Amino acid sequence: MSANEPVSESVQYPPPALLFDLDGTLIDSVYQHVLAWREALSQFGLDVAIWTIHRRIGMSGGLFVTALRREIGGKLTDEQLRDLTTAHAEAYARLRESVRPLPGARELLATLTEQGVTWAIATSGQAVSARPALALLGLPEDTPMVTRDEVRHAKPDPDLFLAAAALLDVDPTHAYVVGDSVWDLLAARRAHTLGIGLLSGGYGREELIYSGAFRVYEDPQDLLDHLYEVGVRRTL
């Protein structure tokens with residue numbers, strides 16, 4: 001083959017699919033979750049600093065409370081831990097009205113759909129908390145989404161992203177994970193996907209890069225403005 005001949009289409013790399021976290025990535029809900037956990041913990045007489053809670057947002061709720069039990073010396077029983085998770089869900093439901101889509105989130109998803117790029121949402125949240133976000137984002141009920149209820153382990157395990165890739169019928173190595181926390185990016189690395197970090201969940205740029213992000217953007221709008229940097233092209 002001469003230098004001027006085009007490469008055969010048979011060796012073209014498939015276009016990437018995008019696997020999105022939800023809280024702090026598509027919707028501005030991280031601090032509502034922080035406050036909900038703070039309220040739930042206070043019901044059990046536990047005074048935990050807000051910054052400590054924020055550092056763990058993005059983990060599964062079960063892993064969150066397990067880590068918390070270690071920090072407070074194992075003072076909560078398994079039943080109390082389950083009740084704590086329920087209390088968080090109830091507190092978050094009361095704060096849900098204040099949650100908004102992050103800048104550019106709706107436009108980013110609409111652009112990907114219009115360009116024929118496959119995508120899904122993979123969240124550590126339970127379906128009861130996560131599914132109402134679809135309407136907030138202007139998405140139909142059948143939007144590809146994997147929630148904590150559907151996998152054995154949530155982030156930082158890779159199960160959510162592997163399940164989302166399977167839902168789209170794509171190889172995880174041909175996908176990007178878009179997330180706002182170190183837990184998203186650790187899970188992405190374990191799923192053998194490339195990670196894209198967003199600052200909209202409160203983590204710093206350096207933290208996201210050290211956790212494996214190969215690009216970091218301010219929010220969904222910033223990612224939309226720079227889609228060309230991550231190799232997203234029109235496929236239709």
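The following dialogue examines how terms are applied to parts of this predicted model.

Trainee: What are the conventions for numbering and for confidence in this predicted model?

Mentor: Residues are numbered from 1 along each chain as its sequence is written. In this predicted model local features need pLDDT of at least 70 and side-chain atom pairs count only at pLDDT 80 or more, while totals for chains, interfaces and linings use all residues, and side-chain values use heavy atoms, with hydrogens and water left out.

Trainee: Why is Tyr-176 called buried?

Mentor: Buried means under 20% relative accessible area, exposed means over 50%, and partly exposed lies in between, with a 1.4 Å probe and protein chains only. Tyr-176 has 13% relative accessibility, so Tyr-176 counts as buried. Phe-214, at 29%, therefore counts as partly exposed.

Trainee: What makes the pair of Tyr-176 and Phe-214 tilted?

Mentor: Rings of Phe, Tyr and Trp (its six-membered ring) pair if their centres lie within 6.5 Å; planes under 30 degrees apart count as stacked, over 60 as edge-to-face and the rest as tilted. The ring centres of Tyr-176 and Phe-214 are 5.7 Å apart and the planes stand at 50 degrees, so the pair is tilted. Tyr-176 lies in strand 6 and Phe-214 in strand 8 (residues 213–217), 38 residues apart. Helices (H or I, at least four residues) and strands (E, at least two) are DSSP runs, numbered from the N terminus.

Trainee: How many aromatic pairs does the structure hold, and what is the geometry of Phe-20 and Trp-119?

Mentor: The structure holds two aromatic pairs. For Phe-20 and Trp-119 the centres are 6.4 Å apart and the planes 80 degrees, which makes the pair edge-to-face. Phe-20 belongs to strand 1 and Trp-119 to strand 4, so the pair ties together parts that are 99 residues apart in sequence. Both Phe-20 and Trp-119 are buried.

Trainee: Which strands pair with strand 1?

Mentor: Two strands pair if DSSP finds at least two bridges between them. Strand 1 is joined to strand 6 (residues 175–179) by four bridges, in parallel, with Leu-18 bridged to Tyr-176. Strand 1 also pairs in the parallel sense with strand 4 (residues 119–122) over three bridges, and there Leu-19 has Ala-120 as its bridge partner.

Trainee: How are the two faces of strand 1 and of strand 6 covered?

Mentor: In a regular strand the side chains alternate between the two faces of the sheet. In strand 1 (residues 17–20), Ala-17 and Leu-19 on one side and Leu-18 and Phe-20 on the other are all buried. In strand 6, Ala-175, Val-177 and Gly-179 on one side and Tyr-176 and Val-178 on the other are all buried.

Trainee: How do you know that the length of helix 1 agrees with expectation?

Mentor: The expected span of a helix is 1.5 Å times one less than its number of residues. The 14 residues of helix 1 (residues 30–43) should therefore span 20 Å, and the end C-alpha atoms are 20 Å apart, which agrees.

Trainee: Why is Thr-147 called buried, and which residue has a side chain in polar contact with that of Thr-147?

Mentor: Thr-147 has a relative accessible area of 1%, so Thr-147 is buried. A polar contact is a pair of N or O atoms within 3.5 Å; within protein, one must be able to donate a hydrogen and the other to accept it, and residues adjacent in sequence count only if both atoms are side-chain atoms. The side chains of Thr-147 and Asp-149 are joined by such a contact of 2.9 Å.
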